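Biologist: Please pick one part of this model and take me through it closely. I'd like to hear about the side-chain contacts there.

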Amino acid sequence: MIIVHALPKTEWETAKARGTYGEDSLQKFGFIHCSPIDYMPLVANFHFKNVRGLVLLCIDDQKVTAEIKWEDHDGFGRFYPHIYGLLNFDAIVDVIPFEPDADGNYSVTEEMEAFKKY
């Protein structure tokens with residue numbers, strides 16, 4: 001299954017140059033927040049409304065070497081995958097732009113839809 005993680009493109013460029021991703025999130029939260037594709041607009045509209053310049057890491061959960069736990073931290077019955085360790089780059093199958101519409105809202109894009117079949 002493909003899970004996704006949103007972040008600013010500049011942060012992704014820094015991680016690529018460094019060769020690792022997740023240190024800041026692990027230090028702050030203890031895990032890397034991810035989402036199923038269908039929940040990503042909800043997450044992005046809550047955390048990134050009107051933010052431009054995001055990308056989505058499209059992650060094959062079967063290739064992630066760290067432990068993944070599906071957890072309902074918000075208590076609304078929605079379970080999200082959390083990666084408890086650094087994200088190994090070979091689990092990332094694509095990095096796609098993720099921009100809001102003119103009103104600053106996010107939705108599932110055609111590129112994201114394609115990964116639902118994966």
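**Around Asp38**

Modeller: Let's start with Asp38, which counts as partly exposed at 49% relative accessibility. On that scale, buried is under 20% relative accessible area, exposed is over 50%, and partly exposed lies in between (1.4 Å probe, protein chains only). Bear in mind that this is a predicted model, where local features need pLDDT of at least 70, side-chain atom pairs count only at pLDDT 80 or more, and totals for chains, interfaces and linings use all residues. Residues are numbered from 1 along each chain as its sequence is written, and side-chain values use heavy atoms, with hydrogens and water left out.

So who does Asp38 pair with? Its side chain meets that of Lys116 in a salt bridge, 2.6 Å from N to O. The two come from distant parts of the chain, 78 residues apart: Lys116 belongs to helix α4 (residues 110–116), while Asp38 is in the loop between β3 (35–36) and α3 (40–47). For the terms, a salt bridge puts a side-chain nitrogen of Lys or Arg within 4 Å of a carboxyl oxygen of Asp or Glu; helices (H or I, at least four residues) and strands (E, at least two) are DSSP runs, numbered from the N terminus.

Lys116 is itself partly exposed, at 38% relative accessible area. It also bridges to Glu113, with the closest N and O atoms 3.4 Å apart. Through shared partners, the salt bridges tie Asp38, Glu113 and Lys116 into one network.
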